[in-house]
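Hi,

Could you take a look at the model below when you have a minute?

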Amino acid sequence: MYGRSLPTLLLVPATADDIAELTALLGRPPRADFDVVVRTPAGRAAVIRNAPLLDDGTPMPTRYWLVDPDLVLAVSRLEGEGGVRAAEATVDADELAAAHASYTTERDADLPAAHRGPRPHGGVGGTRAGVKCLHAHYAYFLAGGDDPVGRWVSERLSGAGENDA
């Protein structure tokens with residue numbers, strides 16, 4: 001579906017169209033600043049990178065978020081077929097721990113220097129260990145993160161590795 005070479009990995013501030021699409025997806029305006037880090041071939045947002053804090057200072061643990069409806073549906077199907085357990089059983093635990101640590105470090109580096117309130121917690125998708133959400137792992141992978149679960153999802157979406165699950 002999406003190979004690592006297809007996405008445009010540029011931090012682009014959200015356009016008015018991006019904000020309108022995300023508002024429609026959420027059913028309300030977004031509560032955090034975000035950049036579009038991966039676009040579909042048609043130019044629509046596929047993955048966004050959220051600020052680590054919402055507009056009221058609430059921590060936002062999910063840094064990368066898959067927003068393309070077609071990709072969300074495809075990954076939801078994988079999850080519905082037991083993909084979270086299958087991915088967790090298949091990927092190397094040390095690689096997964098490293099992905100969580102890298103995600104945390106990158107997100108936390110973007111916290112305002114003067115911030116003294118609650119901080120986001122956990123790694124990919126807000127979890128400290130294991131696999132919580134294939135969507136979050138795939139979003140991080142598409143955005144350039146070295147995420148073994150995101151790679152596992154990519155292989156299944158492309159048809160490779162289908163017999164591994």
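Predicted model: local features only at pLDDT ≥ 70, side-chain atom pairs only at ≥ 80, totals over all residues.

Residues are numbered from 1 along each chain as its sequence is written, and side-chain values use heavy atoms, with hydrogens and water left out.

First, the sheet. It is open, with four strands in the order β1-β2-β3-β4 and antiparallel pairing (strands are DSSP runs of E, at least two residues, and helices are runs of H or I, at least four, all numbered from the N terminus; two strands pair if DSSP finds at least two bridges between them). β1 (12–13) and β4 (64–66) are the edge strands, each pairing on one side only. Strand β3 (residues 45–50) is joined to β4 by three bridges, and arginine 49 sits opposite tyrosine 64 in β4.

Now the helices. α1 (residues 16–26) packs on the sheet and touches β1, β2 (34–39), β3 and β4 (contact means heavy atoms within 4.5 Å). The direction of α1 makes about 95° with that of β2 (axes are lines fitted to C-alpha atoms, for helices over the stretch in contact, and angles run from 0 to 180 degrees between N-to-C directions). Helix α5 (residues 134–142) lies across β2, β3 and β4, at about 110° to β4.

Finally, α4 (residues 93–108) packs with α6 (residues 148–157) at about 110°, their axes 8 Å apart. Glu95, Leu96 and Ala99 in α4 meet Pro148, Val149 and Arg151 in α6.

Cheers
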